[in-house]
Amino acid sequence: MDLGEINPVLLVASLMVAATPLLLAAIGELVVEKAGVLNLGVEGMMIVGAISGFAISVETGSPWLGFIAAAIGGAVLSLLFVLLTQFALANQVASGLALTLFGLGFSALMGQSYVGVKPPSMGDIHIPLLSDIPVIGPILFQHDPILYLGIALVAAVWATLKYTRVGLILRAVGENHDAAHALGYKVIKIRILAILFGGACAGLGGAYISLIRVPQWTEGMTAGVGWIALALVVFASWKPWRALLGAYLFGGITVLQLNLQAAGVAIPVEYLAMSPYIITILVLVILSADKSSAPASLGRTFHASH
Amino acid sequence: MIVLEKRPQPSKAWSYATPLVAVLATMVFGGILFAILGKNPIQAIGTIFWEPLFGEFAFYYRPQLLVKGAPLVLIAIGLSLGFRAGIWNIGAEGQYIMGAIFGAGAGLAFYPLDAFYVFPIMVIAGAFGGWLWAAIPAFLKVRFGTNEILVSLMLVYVAEQMLASVSLGLLKNPEGFGFPGSRNLQSYESAHNAELIAGSGMHWGVVTALIAVIFAYVLLNRHMLGFHIRLTGEAPRAAKFAGVNPARLILFCLGMSGALAGLAGMFEVAGPSGQVSIDFNVGYGFTAIIVAFLGRLHPVGILLAGGLMALTYIGGEIAQSQLGLPAAAIQVFQGMLLFFLLAFDLLTNYRIRAARNEVA
């Protein structure tokens with residue numbers, strides 16, 4: 001065992017990379033839940049995004065096109081959720097599960113010929129001057145563009161929800177869909193847009209795993225990140241900045257346990273590998289006392305029958 | 001313009017018809033999928049649904065139907081109790097693994113003792129393992145209001161790591177030349193969940209699954225607790241006024257589904273699979289969710305749905321070896337089934353009508 005081998009600067013820098021897929025998926029789901037919809041299919045949308053992005057970037061040689069394809073892939077899968085929950089008025093929990101089961105199978109099918117292939121690399125942005133600062137430079141200013149996009153997305157979602165009319169309408173729909181309907185807002189239309197946004201974000205998060213974090217394709221490679229993202233939304237009490245904080249916390253745990261595995265700590269590998277999931281449960285327990293901030297219409301089906 | 005009109009009561013006819021319509025739609029769209037993959041769709045569907053039952057080697061495949069169907073039915077029966085009351089245990093895969101670890105662990109602790117009581121102790125240990133794993137989300141939900149969906153799912157990943165850990169450590173075969181995995185229980189007679197009639201596929205797990213179906217039927221139709229489960233799902237407010245104790249219901253539904261999933265895992269590890277190994281679990285816990293919905297959360301329906309799903313597993317394997325159909329295609333096929341089922345359920349609860357012109 002040699003803890004001295006763990007480089008704190010690299011640790012924090014890789015923490016941000018590990019946190020980004022979670023952050024992207026969580027911020028998307030946060031918007032979906034703010035609109036009063038519970039989409040448990042995050043894991044499925046992520047894995048479909050992961051393979052769509054991987055396949056397209058391998059075929060075209062452009063990681064950018066890959067990420068665009070991933071967002072489209074995630075959104076297309078979420079369209080199935082839209083059909084089930086908004087038009088067929090099916091139970092949201094069951095529909096989300098269906099999305100995940102279907103997505104896992106579908107991605108495995110699509111990804112057969114991509115096992116063992118290396119995707120084109122995106123390359124990091126080196127922000128001039130800032131990235132040369134010792135310690136802080138490598139941690140904050142030498143990352144890939146998608147990582148910064150994730151942070152920008154958090155800021156954008158926060159500002160939109162807090163300061164704009166669109167955000168207010170979205171929240172109204174999530175808090176009380178009957179009242180929003182009575183005021184003349186198109187509840188279903190707003191929810192569809194939110195679900196599609198969530199799907200695109202989850203797709204981006206999935207592609208971040210297959211294109212940047214790992215980077216390769218293996219079946220079921222999201223390994224529960226989508227579910228942790230769902231837990232993260234609860235952790236964040238539906239607040240964007242707290243989602244960022246939570247994502248970095250979970251990213252930190254993941255990176256730390258991987259580093260401890262590599263450093264050969266006396267704890268068996270399996271116990272280290274299960275730690276992020278156990279910590280997710282602990283966090284859920286601590287935070288579940290306060291449910292007051294959950295959108296009031298969360299998970300309820302809306303049907304304008306009156 | 002088409003509008004949906006809520007039926008005063010769910011249509012009985014449609015509730016029976018939707019699973020059939022969903023299966024047909026899945027066959028059509030599955031056929032299209034197989035055609036895209038370059039396989040003859042008619043032949044592929046035929047291989048999946050016909051070959052295991054009436055094909056040339058049906059004598060071999062028919063017993064497999066029981067072997068694959070039993071764990072699916074056993075787990076789905078447990079899940080359906082909770083689903084009916086709006087309690088979502090989606091971590092049956094983890095409970096299945098823990099049942100297998102506890103069951104096999106209990107059996108191996110007695111090795112090489114030859115006694116009649118070894119197997120019954122394993123059964124109890126398996127049920128306990130599954131129950132314990134489901135009791136965690138149940139307790140956390142009752143005590144702290146924690147979301148049982150996320151907790152039960154997180155525990156699947158924890159259980160998978162546990163499985164890897166015991167296969168490489170605690171339960172590793174001391175005479176296994178260093179290979180991961182436990183002793184093979186099939187060659188330890190007192191612990192072996194052998195076929196009751198040779199060549200029939202009928203083992204204790206199949207018997208238990210049938211008992212579970214009857215038990216669930218009686219519980220839901222003839223017992224106060226079953227009535228409370230149904231009431232909570234269909235009319236939560238009425239259930240509150242009727243004095244239903246939600247904590248008791250959560251502990252019962254999650255505990256019961258955990259114990260049944262644990263039993264399924266234990267019967268599997270002591271019988272068809274034989275040993276605890278890293279790749280022991282094959283996703284029965286997740287497929288059982290589809291089985292539960294396909295069976296309309298009704299015990300008899302689940303029995304039929306479990307048979308159908310077992311058929312797609314076996315037929316899928318045949319199609320894999322004969323036609324080169326990828327294994328993942330069957331997974332997509334099963335996922336599609338749940339989609340169509342949920343979509344067509346619309347017809348059970350709503351009437352589709354052409355809208356008249358009126359002020360909304």
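I start with a term: two residues are in contact if their C-beta atoms, placed from the backbone, lie within 7 Å. This is a predicted model, where local features need pLDDT of at least 70 and side-chain atom pairs count only at pLDDT 80 or more, while totals for chains, interfaces and linings use all residues. Residues are numbered from 1 along each chain as its sequence is written, and chains are lettered from A and ligands numbered from 1 in the order in which they are written.

Now the interface. On the side of chain A, 40 residues are in contact with 37 residues of chain B. The elements of chain A that give two or more residues to that side are α3, α4, α10 (225-235) and α12 (269-287). Helices here are DSSP runs of H or I with at least four residues, strands are runs of E with at least two, and both are numbered from the N terminus. Which element gives the most? That is α4(A), with 12 residues. By class, the side of chain A that touches chain B has 30 nonpolar, 8 polar and 2 charged residues. Ala, Val, Leu, Ile, Met, Phe, Trp, Tyr, Cys and Pro count as nonpolar, Asp, Glu, Lys and Arg as charged, and the others, Gly among them, as polar.

Next, α10(A). Is this helix mostly covered or mostly open? It is mostly covered, with 11 of its 11 residues buried. Buried means that 20 or more other C-beta atoms lie within 10 Å of the residue's own, with C-beta atoms placed from the backbone. Among the buried residues of α10(A) are A:Trp227 and A:Phe235. The buried residues pack against α1 (8-34), α2 (42-60), α9 (187-213), α11 (240-263) and α12 of chain A, together with α7 (148-168) of chain B. After α10(A) comes A:Ser237, whose phi is positive, near 45 degrees.

Finally, chain B as a whole. It has 15 helices and 2 strands. A compact globule of 360 residues would have a radius of gyration near 21 Å, and the 22 Å of chain B agrees with that. The radius is taken over C-alpha atoms, and the globule rule is 2.2 Å times the number of residues to the power 0.38. The C-alpha atoms of chain B fill a box of roughly 80 × 55 × 35 Å along the principal axes. Buried residues make up 53% of its 360 residues.

Definitions and conventions:
Buried ≥ 20, exposed ≤ 12 C-beta atoms within 10 Å, placed from the backbone.
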